[in-house]
Amino acid sequence: MNLDRLSGAFIMLVGLVLLYIVIPIGVETVDSTGLTPRTFPVLISWSLVVVGAFQVLLSKKSEVQTPSGLLRIGFLCLCFALSLYCASLIGFIFVSPILALILMRFMNERRPFWLALGSLAVPLTIWLCIHVLLGRELI
């Protein structure tokens, strides 16, 4: 199994864990005929399952070298886990710009305007939409 198929299977597994474990535990049930708090998380989880399945089924030989690719994946997983922990302590709005900047630098983005926009404007917009407008906690 190559790294592309392995990562697709992992993404598919993450989507299934979200669907059957995380969402039922962490999202409140509301009787409504319209959109509920579960609508978007379920939609995104199913899209992860579908995209992961496509990755598993359609990927050919991986171009990524496994040792360096695994180190990069491990680094990203460590960044995500550390940022989730820190965000639960001090808040999303303080941690997310740092995580966004790390991710953008990790993807070799070097243009200052896009770094500033991606690491400041996008987390602020997410926070405003979810926390301020919808009145929901992010973490």
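This is a predicted model: local features need pLDDT of at least 70, side-chain atom pairs count only at pLDDT 80 or more; totals for chains, interfaces and linings use all residues.
## A walk through a helical chain

The largest share of the nonpolar patch, 7 residues, is supplied by helix α1.

The protein chain holds 5 helices and 0 strands. Followed along the sequence, the pattern reads α-α-α-α-α. The C-alpha trace spans about 45 × 40 × 25 Å along its principal axes.

Next comes the pairing of two helices. Helix α1 covers residues 3-26, and helix α2 covers residues 39-58. The axes of these two helices come within 7 Å of each other and cross at roughly 155°. Angles over 145 degrees count as roughly antiparallel, and α1 and α2 are therefore roughly antiparallel to each other. Their crossing is left-handed. Sorted by class, the contact of α1 with α2 has 17 nonpolar residues, along with 5 polar and 2 charged ones.

Charged side chains are the last topic. Side chains of opposite charge can pair when their charged atoms come close. In this model the count comes to 2 salt bridges. One of the salt bridges joins the side chains of Arg-136 and Glu-28, with 2.9 Å from N to O. A salt bridge requires the nitrogen and the carboxyl oxygen to be within 4 Å, so the pair of Arg-136 and Glu-28, at 2.9 Å, qualifies. Where in the chain do Arg-136 and Glu-28 sit? Arg-136 belongs to the segment after α5 (112-133), while Glu-28 is in the loop between α1 and α2. The two residues are 108 residues apart, and the pair links distant parts of the chain.

Conventions:
Residues are numbered from 1 along each chain as its sequence is written. Side-chain values use heavy atoms; hydrogens and water are left out. Axes are lines fitted to C-alpha atoms, for helices over the stretch in contact, and angles run from 0 to 180 degrees between N-to-C directions. Helices (H or I, at least four residues) and strands (E, at least two) are DSSP runs, numbered from the N terminus. Angles under 35 degrees count as roughly parallel, over 145 as roughly antiparallel, 65 to 115 as roughly perpendicular and the rest as oblique. A crossing is left-handed if the near helix is turned anticlockwise from the far one by less than a right angle, and right-handed if clockwise. Ala, Val, Leu, Ile, Met, Phe, Trp, Tyr, Cys and Pro count as nonpolar, Asp, Glu, Lys and Arg as charged, and the others, Gly among them, as polar.
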